[in-house]
Amino acid sequence: MPMIAETETPHDASVEEMEWYLCGAITEGDRTRETTISKPRFRIGRRSACDLRVAWPTVSGVHAEFVKASGVLFLRDLGSTNGTFVNGRQIASDCMLSEGDVIQLGSAEFRVGSRSEDNSRGTVHWNGGELTTRLVAFERLVSGDGLIPHFQPIVQLSDASTIGFEVLARSQIREFPTPREMFDTAAQLDRETELSEASRIVGVQKSLDMPPEQTLYLNTHPTESQGDRLIRSLERLRASSPNQSLCLEIHEAAVTDLRATAKLRKQLKGLDIKLAYDDFGAGQARMLDLVEVPPDVLKFDISLIRNINNASPKRHKMVRTLVEMVLDFGISPLAEGIETSAEAETCRHLGFDLAQGFYFGRPAAEWREASTVIGL
């Protein structure tokens, strides 16, 4: 698409009444919020001077720009490091947007919405028909019908060979264009466990033709740490795929009861399923947990890895010490969020076994398409 004229502005009075907005999280770990695209040229990025400041580490200082021209909304990449994507496709020129489009800036995702300005003030309420539609759509999610699992490669850092894939939940339903909206709705309905279970089931079903030596990393939700429902669901999963190498990921912050975690690890061993602690270092890194209930894999949080090649010698020493300690416990350390060759090389020198990140491959709906071809 050719570049639009910089001087164009909306001129149709009926169109001017339409307001565009974005739905998404502006900081990592934040809940979905709504932001109005309030200017004819609306910039988004990490810098405070942007019209919308998005504090994700994978977003560039001035990442992209929305342009409203003749009642139409366009999106333009501004030379970002990690690219700008619309509905999974990277854009190289101005892209015209429609309501419901999903925009990805690095790891940050937003849904485009629109409404008349008459309804743009105050809280947005669902009417009966809209609520019914949303509930029906959610039922499709938990039944597995509306889920499209995506696979992101996990590599052996020494040679960048793919040793497995993390299964990530994605939706093909218009009402839930981003994972955050899926799980926010699940939380409102108190059905996070159902959605998490369905995501694992569909992920395994979609990868039945994967070589058994490739490990599938399956996520959990913190609500699943209570009771035996998690194990029962994993028993059914193992029965459906008896030979596939599986690894269950638990968020580091969810490891609060060592006795319960030790029981879980024993049950997983009986099912021939490995255990991984996710996002190590994002919060309180409990060293005692590693000693008492060591996982098979420890995933170091992106906050420790981002721009590690430019970190101070003290930071390098700290990370190297953690990696060496983890290796001493017989645990494989994994570096999350690697996006550049410099980060990958630094992590290799620091002793990491495994790695994951956009540098090695973005999530893809087919595991074969996600396999990395990068060599170090």
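Where is the place of Ser241? Ser241 sits in the loop between helix 5 (229-240) and strand 15 (245-251), with helices (H or I, at least four residues) and strands (E, at least two) taken as DSSP runs numbered from the N terminus. This is a predicted model, in which local features need pLDDT of at least 70 and side-chain atom pairs count only at pLDDT 80 or more, while totals for chains, interfaces and linings use all residues. Residues are numbered from 1 along each chain as its sequence is written, and side-chain values use heavy atoms, leaving out hydrogens and water.

Ser241 has 8% relative accessibility, so it counts as buried (under 20% relative accessible area; exposed is over 50%, partly exposed in between; 1.4 Å probe, protein chains only). Setting aside neighbours within four places in sequence, Ser241 is in contact with Val204 and Leu208, contact being heavy atoms within 4.5 Å.

Now for the chain as a whole. Its secondary structure comes to eleven helices and 19 strands, and 50% of its 376 residues are buried. Among contacts with a separation of 6 or more, 62% link residues 24 or more positions apart.

Then there are the nonpolar cores (sets of buried Ala, Val, Leu, Ile, Met, Phe, Trp, Tyr and Cys residues joined through side-chain atoms within 4.5 Å). The largest has 49 residues, of which Leu234, Phe300, Ile338, Phe352 and Phe360 touch the most other members. Beyond its neighbours within four places in sequence, Phe352 has contacts that include Leu157, Phe300, Ile305 and Cys347. A second, separate core has 24 residues, including Ile26, Ile103, Leu105 and Val112.
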